[in-house]
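The sequence and the coordinates are shown first.

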Amino acid sequence: MKAAAFDYIKAQSIPEVLALMREHGDDARLIAGGQTLLATLNMRLSEPQLVIDITELAELKGIELSGEYLWVGALVTHTEIENAPLIKKYAPILQAAAPHIAHRAIRNLGTWGGSLVYGDPAAEWPACSIAVNATMVVRGLQGERRIPACNFFVDLYTTALAPDEILMGTEIPLANAKDVFSFQELARRHGDYAVAGLAAVAKKTGQALSDCNFVFFSVATTPVAAVQAQNLVNGQAVNAELITAAVAAARAEIETMEDITNSAAAKSHLVGVLLERALKKMLAD
Amino acid sequence: MELNGEQFIAASVPAVWRGLNDVAVLGKAIPGCEAIERISPEEVHAKVMFKIGPVRARFAGKLLLSEVVEEKSCSMAFEGSGGAAGFAKGRSRVELISAEGGTLVSFTTEASIGGKLGQIGGRLISASAKKIADDFFEAFAKELNPLASEISNGGES
Amino acid sequence: MNKPNDLAGLVLDPVTADQRYIGESEPRHSAKRLLEGQGTYVDDLQFPRMGHVVYWRSPVAHMRILQIHTAAARNMPGVLAVVDGVQMATICKPWVATLSHLAGMKSAPQHALAIERACWQGEPVVAVVADTRAQAEDALQLIEVEWEELPAVVSMLTALDPETPLIHPELGDNLCFSRTLDVGQVDAQFATAEIVAEATFGFGRHTGVTLEPRCQIADYNRGDGRLTVYHSQQAPHMMQDLYCRQFGLAESDVHVICKDVGGSFGIKVHAYPDDFATVGLAILLGRPIKFVADRLESFTSDIHAREHQVKGRIAVNKQGDILAFEIDDLTAIGPYSMFPRTSAIEGNQVVNLVGGPYKHQHYRAQLKVVFQNKTPTCQYRGVGHPIACAVTEGLVDLAAEKLQMDPLAFRQRNVIPDDAYPCSGASGIKLEILSHEQCLRTIEKMMNYTELRQEQAALRKKGIYRGIGFAALIELTNPSAAFYGVGGARIASQDGATARLDPSGVVSIMVGVGEQGQGTEGIYAQIAADAVGVPITDVRIITGDTAVTPYGGGTWASRGAGIGGEAVLLAAQALQENILRLAGAILQRDTAELQVRRSQIIDKATGQAVLPFSEIGRIGYFRTDTLPNDFKVDLMVTRHYAQRDYPFIFTNGVQASYVEVDIDTGFVTLLKHWAVEDCGRVLNPMLVDEQVRGAIVQGIGGVLYEECLYDDSGLLRNGNMADYLVPMANEMPDIEVAHVQTPTASSQLGAKGAGEAGTAGAPAAVMNAINDALMPFNVKVFEQPITSEKILRALGKI
Amino acid sequence: MNPKIPLDMIVNGNRVQAQIEPRRHLVDFLREDLGLKGPHLGCEQGACGACTVRVDGQIVRGCLYLAVQANGKVVDTVEGLTAQGALTELQDAFMRRNAMQCGFCSSGMLLSAAELIEQQPQATREQVREWISGNYCRCTGYHSIVDAIMDVLEA
């Protein structure tokens with residue numbers, strides 16, 4: 001299992017990357033963490049002419065506080081997220097989710113941005129990015145634009161990123177004392193792709209939850225928010241009946257997709273179980 | 001793997017039928033189609049670049065039409081070889097039903113993906129196939145009725 | 001001494017005078033280099049002019065090969081050769097893998113590279129050889145095979161239906177082998193029994209996934225006509241014999257070397273088409289050829305195992321005595337019986353082993369082994385035991401439940417008593433000496449059974465569903481020639497060892513059984529050190545080389561300790577005798593007055609050291625002039641051992657599993673696992689313990705995670721390491737192991753095998769624990785692997 | 001057509017310069033070009049961990065990292081870490097506990113364990129199990145490996 005031959009360029013600047021992408025189009029691939037790309041290349045399920053290494057681009061690195069946002073650069077690794085005090089303070093659900101991503105050796109290389117732009121429906125970060133209302137900052141030759149995470153993941157492995165654009169990083173609104181969250185993931189083995197997962201974030205006042213984001217992953221072709229369940233819960237005091245209603249709503253509204261060992265029916269069932277657990281956990285916090 | 005669906009297209013049954021039999025239209029509608037030619041009334045050959053997530057595989061394939069009932073229904077057998085990456089094959093039954101303001105295209109497909117692609121891609125093969133079908137019909141509808149499809153796609157991206 | 005006893009309690013009589021190593025947890029001194037990255041696995045070897053081969057394998061389950069276009073590939077940089085089946089067949093004969101003692105068994109001729117048809121996804125069709133692996137893969141992409149897909153036999157359930165196409169028309173049907181066994185009055189027993197329980201058990205197809213893939217370097221020297229094969233393999237002499245026969249070479253011209261092997265588990269005891277093809281290429285090209293299976297081709301070309309469906313029932317009277325078992329086993333083995341061990345053995349073992357621990361006298365079994373267009377199956381760790389055990393123990397639990405009798409008490413009542421041996425099991429198997437009763441007593445203590453049941457009941461009230469599952473088992477080890485030899489397979493059941501005193505006084509041991517990681521070299525060093533009488537640091541073990549070691553069968557059927565170990569003991573004892581005789585000649589004293597003690601000859605009477613081994617070596621090799629003329633020095637001796645008292649030496653044991661089932665998600669958490677194992681004399685508790693644990697974890701893989709998933713057209717859907725789930729550390733429980741030691745009287749050592757019982761019992765124990773946890777809901781799952789999906793369905797949640 | 005690329009890095013404390021094909025992953029470079037056979041290839045898809053090596057002090061999957069990416073970086077393999085004595089305690093514990101059988105996973109397992117001991121010196125048995133669950137061992141029951149790592153953590 002050896003990759004087909006390709007050329008390699010270590011890019012020194014964003015404009016250089018964008019120019020190369022324009023020049024080579026789909027014959028070029030960007031490599032950040034490379035934890036998906038390299039496996040694909042080894043298996044010859046992709047044979048680019050050119051691999052553009054963006055790992056040295058400082059603009060894509062770092063976790064920083066900027067005004068009312070937390071900036072998480074596209075090249076920030078899963079391990080950095082796992083360990084960063086800023087994440088713990090301002091986007092704690094990311095820290096809760098990180099250990100579920102594969103294994104340490106992979107988290108040391110795999111990146112936040114790489115995971116977002118692949119948009120694997122089973123991946124943790126796309127769902128989390130929606131749950132925390134992140135904004136994707138993308139740059140193309142025409143300049144920069146901002147895409148809310150909730151509009152970023154348009155279809156299976158398909159994002160709103162244009163072929164000649166790259167993801168610079170994300171802006172994440174800062175979590176405060178009122179914010180509660182629950183990250184739920186069911187995987188057959190630790191680090192495997194989830195059978196079903198949920199990134200849930202809300203604001204809590206007393207027993208009432210508001211601004212709810214219940215974003216499921218590995219159940220459909222993209223991460224998917226249970227909008228009706230969110231609306232049911234928003235601003236309400238959460239009690240047993242409401243939980244039951246929200247669970248029913250989520251099961252009804254999400255069109256689940258089977259995977260190799262789990263039926264769509266099982267995933268629909270698990271959607272409800274995870275939501276119930278998340279709601280109870282957020283109330284308990 | 002089974003893939004069944006219905007797709008409304010804002011164009012008349014004859015127009016849809018012509019489209020389905022017009023390699024120029026098909027060429028624009030088939031996702032990743034790089035070349036397409038009609039060998040005989042029943043046989044079409046195509047080169048398609050299959051793109052899904054990190055995967056890229058160039059398929060050379062042929063499509064065989066049978067049980068053709070003008071402007072109503074037909075069966076297609078297709079097989080494509082992606083070289084080292086694997087192959088895809090299957091058969092599909094397509095029916096056109098006249099509907100309010102256009103045509104309902106219903107299809108039932110039985111397909112299998114073999115070789116490496118099947119061995120690795122199992123997790124998302126059926127989702128990928130569904131996406132390809134959706135993309136095809138979206139583009140197909142655009143071809144037949146640009147205006148209608150643009151409206152239907154309003155709000156995208 | 002041939003009676004059960006606890007390791008904790010009675011210690012066995014020593015095998016040797018001044019025994020210092022046998023029975024101790026001595027570390028594997030030779031393994032240190034593995035921890036320092038200094039092992040020598042086949043892929044680590046590089047030779048001048050070495051070519052790398054990759055294979056174009058059938059992408060479909062069944063196809064007719066129409067035309068093969070190789071011109072483009074031949075013209076790629078670095079390409080040395082492109083060879084198809086027709087060319088390969090000019091030097092390599094086809095084979096048919098059957099055994100004459102499996103009456104009526106049939107299979108079809110198989111070639112190293114497919115000719116005319118390929119019969120499973122992954123069958124090698126074309127070989128491409130280049131200077132580097134990457135170049136070979138570059139060229140492989142340009143191989144164009146025109147093929148016509150043929151109808152595939154996928155489901156074993158319909159393989160024998162008249163409308164199902166025949167894979168090999170010349171065989172007349174898709175039936176490889178069938179067997180019926182009918183002992184006692186089974187119908188009468190079931191007709192009159194107060195309690196009858198039945199179930200259908202499913203076993204998913206799985207595979208061994210050795211971490212080191214199958215690999216090999218074949219080198220044919222045209223100068224002397226000798227073939228040297230470096231192979232990651234369990235049976236070097238068997239492969240030597242097969243290469244001779246398929247290529248028409250003389251044994252003396254074929255040299256098979258197995259250095260470090262990165263796990264085998266039965267996967268590497270078979271002769272694969274690509275093994276022969278790689279050797280064929282070395283002969284055709286006259287240069288070393290390396291084949292290393294990549295992980296994707298491992299999944300479609302390594303043997304698979306365990307695809308069975310077994311209908312079973314058990315008859316019990318109301319006092320709780322098991323009266324009879326009946327089973328009907330259907331299994332599918334792929335398109336060919338695997339060479340040379342055949343693929344009918346697994347099913348045959350199921351027939352022999354069901355009901356094994358129990359004293360019922362009535363038993364009927366039916367077996368059908370069918371062909372299908374999937375990867376061939378063959379012997380993989382446990383060979384039939386995990387299936388037989390899950391069926392037996394699943395039925396036993398069903399019966400205990402109907403009786404409302406505690407499952408442990410029910411087993412204690414029904415196992416063959418420890419004082420009943422030797423005896424025969426209902427299937428006709430000969431049992432020398434087992435210790436079920438004592439093992440059950442031991443595990444009951446070990447797991448605090450009563451307290452555990454109380455905890456389970458208390459938690460159940462809180463809506464936490466835990467289950468306890470047992471599996472009593474027997475395992476066949478130390479096989480005689482009855483296993484393969486009598487069936488005409490040239491697979492040695494005997495094994496040999498050579499012991500040599502080197503001039504400096506250190507001891508070299510050459511053994512036919514090789515090291516696969518289980519620690520055989522470690523225990524051989526322990527045995528040799530004690531039996532010759534030297535410190536273990538003065539012993540070197542050499543294995544896995546047909547030019548160096550005595551002829552032997554290698555590693556399979558848990559025979560390394562029992563057969564190989566006994567051969568080492570016999571050779572080492574003989575060497576000690578010769579050393580004493582030589583010492584007598586040197587000292588001009590009666591040998592009877594002398595004794596060996598720790599590399600010294602001592603005076604029996606005074607205990608005084610009179611002659612060091614180094615001196616014996618010096619005189620024995622360099623100063624024979626100082627010895628009496630009629631004295632023959634012999635400081636290198638070879639002994640062979642074959643177990644001939646029984647067809648097999650059975651071992652026994654019991655396992656218990658404690659699990660928690662999340663009834664909302666169907667997820668199972670393994671909380672704890674216990675195993676009590678009687679492998680006779682325990683040569684090294686530390687090695688045996690982890691062998692047992694590793695085997696248990698492989699069994700857990702089968703019951704919870706592992707399955708080769710195929711689609712309706714016979715294509716593998718999860719043939720990669722991310723989607724085929726092998727057990728990882730996080731989900732595995734801590735595993736407590738204890739021993740009962742009932743030595744076999746068939747050898748001085750008294751050791752039985754220990755490598756497979758864990759795999760045999762774990763699936764049954766975990767399955768029973770899950771079903772025990774589900775008891776309040778009155779549902780059960782008998783389909784392995786038991787996934788959350790299946791549990792949720794059983795619970796009616798989906 | 002695809003020019004080789006110059007490479008300049010530190011491997012096990014020694015400077016290494018080479019010209020290599022960009023497609024070569026790090027473990028092929030270490031094994032085939034430098035003869036460092038300690039890291040093994042078990043799957044080449046990042047699932048098994050047998051190829052685990054250290055780059056700039058962090059463990060990575062050597063099969064999911066291009067050798068050219070290691071340009072200017074510091075790479076350590078089991079061979080180098082053994083020579084430096086960095087792994088001695090772990091290796092002794094693995095010997096003592098028989099925490100290896102065929103040894104094919106050992107170099108990766110040891111490097112993963114070493115990073116755990118660095119990052120989580122207080123790790124519990126459960127945390128050890130979770131951490132090494134990226135390293136596949138088909139021979140042992142993992143029990144002895146966990147025992148060996150706990151020995152070092154508790155030492």
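The model is predicted: local features need pLDDT of at least 70 and side-chain atom pairs count only at pLDDT 80 or more, whereas totals for chains, interfaces and linings use all residues. Residues are numbered from 1 along each chain as its sequence is written, and chains are lettered from A and ligands numbered from 1 in the order in which they are written.

Chain D is assigned domain 1 (5–81) and domain 2 (87–154); such bounds come from an automatic or database domain assignment. The centres of the two domains of chain D, taken over C-alpha atoms, are 22 Å apart. Residues are in contact if their C-beta atoms, placed from the backbone, lie within 7 Å. The composition of two contact sides is tabulated below, with Ala, Val, Leu, Ile, Met, Phe, Trp, Tyr, Cys and Pro counted as nonpolar, Asp, Glu, Lys and Arg as charged, and the others, Gly among them, as polar.

| Side | Composition |
|---|---|
| Chain C, touching chain D | 20 nonpolar, 11 polar and 11 charged residues |

Helices (H or I, at least four residues) and strands (E, at least two) are DSSP runs, numbered from the N terminus.

The contact between chains takes 42 residues from chain C and 42 residues from chain D. On the chain C side, α17(C) gives the largest share, 7 residues.

Within chain D, the axes of α4 (residues 106–119) and α6 (residues 143–154) come within 11 Å and cross at roughly 35°; these axes are lines fitted to C-alpha atoms over the stretch in contact, and angles run from 0 to 180 degrees between N-to-C directions. Helix α4(D) contributes Met109(D), Ala113(D), Leu116(D) and Ile117(D), and α6(D) contributes Ile145(D), Ile149(D), Val152(D) and Leu153(D). The contact of α4(D) with α6(D) has 8 nonpolar residues, no polar and no charged.

Helix α3 (residues 88–96) of chain D has Leu90(D), Gln91(D), Ala93(D) and Phe94(D) as its buried residues, buried meaning that 20 or more other C-beta atoms lie within 10 Å of a residue's own. They lie on the same side of α3(D) because they cover an arc of only 165° around the axis, the arc being that of the directions from the helix axis to the C-beta atoms. The buried residues of α3(D) pack against α1 of chain C and against α4 and α6 of chain D. After α3(D) comes Asn98(D), with a positive phi near 55°.

Methods
Contact = placed C-beta atoms within 7 Å. Buried ≥ 20, exposed ≤ 12 C-beta atoms within 10 Å, placed from the backbone.
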